[in-house]
Amino acid sequence: MTLGIDGIAKSFGATPVLHDVTLQLGDGEFLAVVGPSGCGKSTLLRIVAGLEPADRGTVRIDGVPVDHLPPKARDVAMVFQSYALYPHMSVAQNIALPLAMRDLGRVQRLPGWSWISPRTRARRHAIVGQVREAAAMLELEPLLDRRPGQLSGGQRQRVALARALVRRPRLFLLDEPLSNLDAALRAQTRNEIALLQRRLGVTTVYVTHDQVEAMTMASRIAVMFAGRVEQVGTPADIYERPASVAVAEFIGTPRINLLTARVEGDRLFVAGRPRPIAAAGIAAADLLLGVRPEALLLADPADTRALPARVSHVEYLGSEGLVHLHTDAAPAGAVARVEAARAAVLRPDQAIGLHFAPTGMHLFGAGGRRIAARFPATGDGVLAAVS
Amino acid sequence: MKRPSTAGVGLLFAAPAMFGLFLFVIGPTLAVAVMSLTDWQLGASEIGFVGLDNYRALPGDRVFRTALANTLVYAGLVTPISVALGLGLALLIEASPLGRGFFRAAFFLPVVTTTVAMAVVWEFVLHPSLGPANLMLRALGFAPANFLGDAGSVLATLAAIGVWENAGFNMVLFLAGLKAIPRELYQAAAVDGADRAWERFWTITFPLLGPTMLFVAVIALLRSFKVFEIVAAITQGGPRRASEVLLFTIYQEGFSFFRIGHAAALTMVFLCGLLVLALFQIRLLGRRVHYA
C-alpha cells in the first residue's frame, strides 16, 4: 500500500498551517513526521485520514486520489493522542466496533438481531474471533470485559492499537500515541509498535514531537518546521547530513553545538584558529559550524591549535559523561560527550582545549542552509586524556 | 487546651447550613406531616387529633382521584415529549454553526418568562373565536376548537403549553451535556466507520449523554408533577374538573376551603409519590448509565 501526499496546503482562517507538503511512502514503510508542536504535523495526519479537508493538493492511496472520500471509505486506521476509546464500551466492544461497522448492515447491528438471523450470528461470531486475535497480539485477553476507565495508560494505549489494527487497514496513522505514557513504558511501547508494524507490514505514518521516537522507530523521517517539510531521509541521513541548522538542532540529544566561523580560501577559522576545509565558492560571510557533542574532543589547554574553553559543569551518566563548556566561539555554550572515566576527573572552571572530529562537523550558511564541505583530517586525531 | 475532635469541628462548620435546612425544609415537612394527622381548619382555635383518618378518606375522594389521574396523564405527556424535544433542539443547535445564540435564547425564553403572564397570552392565542390558533384552523378549512373550554381537550392543551415551557430548560441541560463529549470520539468513530448522523448518535452521543439524560428525566418529571400556575391562572381545574391537578387541589383544599388537615395529607401523598417515582427512575435508568 503506497501513500502519496502531493502539494498539500492548509490554512485555518488567516493562519497558514501547511505549505505545499509533499511526501511519498512506499509499501510497508514506516515514516515518522517529527517537528515541534504547532508545526502542522497533526493537521497533515488528519488531512490524510480525511478528518480535515485540504485547501490544495492531493492525497493518493495506491495512486488513487482519495480527497473526496470520507474517512471510512479510505480504509485507514488512526490512533489518537488521547486514545479516544469509547468510554461506555468494554475493551472487546471497542475493538469490535470498526468490524461491526464494516461487516454488519444497519439492521444486523440491532441488538438481538443475531437471535433471529443465523447469518448475522455467523458474522458476529467471526467478529469475536478477530477481536480475540487482535487482543492476543497485544496481550489484552484478560482485559476484554473491562471498561477503558478501569485500565492503566499503557493498557488503554494497547486497546487503541488493537482497535486500529483489527480490521487490517491499508494505512496506519498514529498521532503522538506515546506522549501520555511515562518514560519507561514509552521506551518499551516504542519497540512493541515498531515490531508490530514490521510484522503486519502496514504502511504507517507516525506523528511525534519526540525525535528519539522518530529516530528509533521509523525507516524514514520527515522533519517539519512551521508547516514545511524541511528534510526527508533515513534516521542516519538526517543525523549525519542535516539540511539546515533547524534540523541539526532538533535531531540529536544533547543538541548540536553551534560555533561562529568564517571561511577564507581553503581554511576555516573558528575563534581565529584555522583548519583546512574543502568547499567550493563560499563567501567569507558569517557562517555557523555545527559540531555534534561526540565530535567535540577534549585536548590539552596548552595545545595552541585547540580552541580554548572552560568547563562549566559535568554531568556524569555512568556510561558516559556530558561536559558543559564555555567558549568564545559558542555564545550559547557547548557540550561534549566523553567517556565516563574522563568526565569523572574534570572539575568546574578547569581550562581545556577543544578539537573537532571531521565526521561530526556541519557547515551552515546564510538562512541556515547546509553548505557542502569536506573537512580534511588535521592529524590532531583523538587527543590524549587531559591530566 | 484540649483539641476539638475532627467530627466536632466538621459539625460546627456544617451547623449554619444544617440550621437553614431544618428551618426551611425538614421542619416544615415534619409540620405538614403532623398537621396531616389532625382535623385543623385554618383559623380555627381547636385542633383534634384524628390519626390516619385524613389518609383513609383519600381513596374514596372523587376530587383526589380525578386530580391524581389528571396529574399522571399530564406528566406522562409532558415528561417524555419535553425531554425528547429538548434533546432534538440541543442536537440541532449544536450541529449548526449558524444562529446558535439566537436559537438558544429563543427556546429558553419560555423558561424565564412568568407563567402567569404567559397564561394571558395563551388564553388569547387559544381563544375560541378571536384566537389566532382558531383563525388559522378556520383558514385551513377545519372546524374551530375550544381548546381550553372543552373537557376533552383541555388537559392535552395544558400539556402542550407545559412542553413549550419545559423543552427549553431541558435543551439547555442537554447542550451542556453535549459540550462535555470529547470531539476526538466522533473523529475516532468516523475513522472506524460510524460517520452517518444516526450512527454517531447511537454510538457516541446517546450513550455518553447518559448521566445528563438521567438528570434531565428526573428533573422534567418533578417539574411536570408540580404543574400549578397555568391551571390556577387559566382553567381553575375546569371545565368539569378535567384539568384538576394535585397541586391545584391541595391549594384549594388548604386556602379556599381551609381544610388544612386534608390538604396536609394530600401534600404528604404527593411528596411520597414524587420520592418513589424519582427513586424508581434513578434505579431503572441508573443501571444503564455510564459515568466516565
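Contact here means that the C-beta atoms of two residues, placed from the backbone, lie within 7 Å, and the helices (H or I, at least four residues) and strands (E, at least two) are DSSP runs numbered from the N terminus. What you have open is a predicted model, in which local features need pLDDT of at least 70 and side-chain atom pairs count only at pLDDT 80 or more, whereas totals for chains, interfaces and linings use all residues. Residues are numbered from 1 along each chain as its sequence is written, and chains are lettered from A and ligands numbered from 1 in the order in which they are written.

**Helix α8 of chain B**

Stay with residues 183–192 of chain B, where seven of the ten residues of α8(B) are buried, so that the helix is mostly covered. A residue is buried if 20 or more other C-beta atoms lie within 10 Å of its own, exposed if 12 or fewer, and partly exposed in between, with C-beta atoms placed from the backbone. The buried set consists of Leu185(B), Gln187(B), Ala188(B), Ala189(B), Ala190(B), Val191(B) and Asp192(B). Step just past the end of α8(B) to find Gly193(B), whose phi is positive at about 110°.

**The side of chain A that touches chain B**

Now select the contacts between the two chains, where 19 residues of chain A meet 15 residues of chain B. On the chain A side, the elements that give two or more residues are α2, β6 and α3, and the largest share, four residues, comes from α3(A). By residue type, this side of chain A divides into 14 nonpolar, three polar and two charged residues, where Ala, Val, Leu, Ile, Met, Phe, Trp, Tyr, Cys and Pro count as nonpolar, Asp, Glu, Lys and Arg as charged, and the others, Gly among them, as polar.

In the loop between β6 and α3 of chain A, select Tyr83(A), which has a positive phi near 75° although it is a residue other than glycine. Tyr83(A) is buried because 21 other C-beta atoms lie within 10 Å.

**The four-stranded sheet of chain A**

Next, colour the open sheet of four strands in chain A, whose order is β2-β1-β4-β5 with antiparallel pairing; two strands pair if DSSP finds at least two bridges between them. Its edge strands, each pairing on one side only, are β2 (15–25) and β5 (64–65) of chain A. Strand β1 (residues 3–12) of chain A is joined to β2(A) by seven bridges in the antiparallel sense, and Ile8(A) can be found opposite Val21(A) in β2(A). Helix α1(A) packs on this sheet, touching β1, β2 and β4 (56–61) of chain A, and its direction makes about 120° with that of β1(A); axes are lines fitted to C-alpha atoms, for helices over the stretch in contact, and angles run from 0 to 180 degrees between N-to-C directions.

**Further along chain A**

Glu176(A) counts as buried because it has 20 C-beta neighbours inside 10 Å.

Then select Pro254(A), in the loop between α10 (245–250) and β11 of chain A: the peptide bond from Thr253(A) to Pro254(A) is cis, with omega near -10°. Strand β11 (residues 257–264) of chain A pairs with strand β14 (residues 287–291) of chain A in the antiparallel sense over five bridges, with Thr260(A) opposite Leu288(A) in β14(A). Strand β11(A) also runs antiparallel to strand β12 (residues 267–270) of chain A, to which three bridges join it; the bridge partner of Glu264(A) in β12(A) is Arg267(A). These two strands, β11(A) and β12(A), form a hairpin with two residues between them, and Gly265(A) in the turn has a positive phi of about 60°.

**Last stop, back in chain B**

Finish with helix α10 (residues 210–225) of chain B, whose buried residues include Met213(B), Val216(B) and Leu221(B) and are covered by elements including α3 (62–95), α7 (154–179) and α13 of chain B. In helix α13 (residues 260–286) of chain B, select Leu279(B), which is exposed because 12 other C-beta atoms lie within 10 Å.
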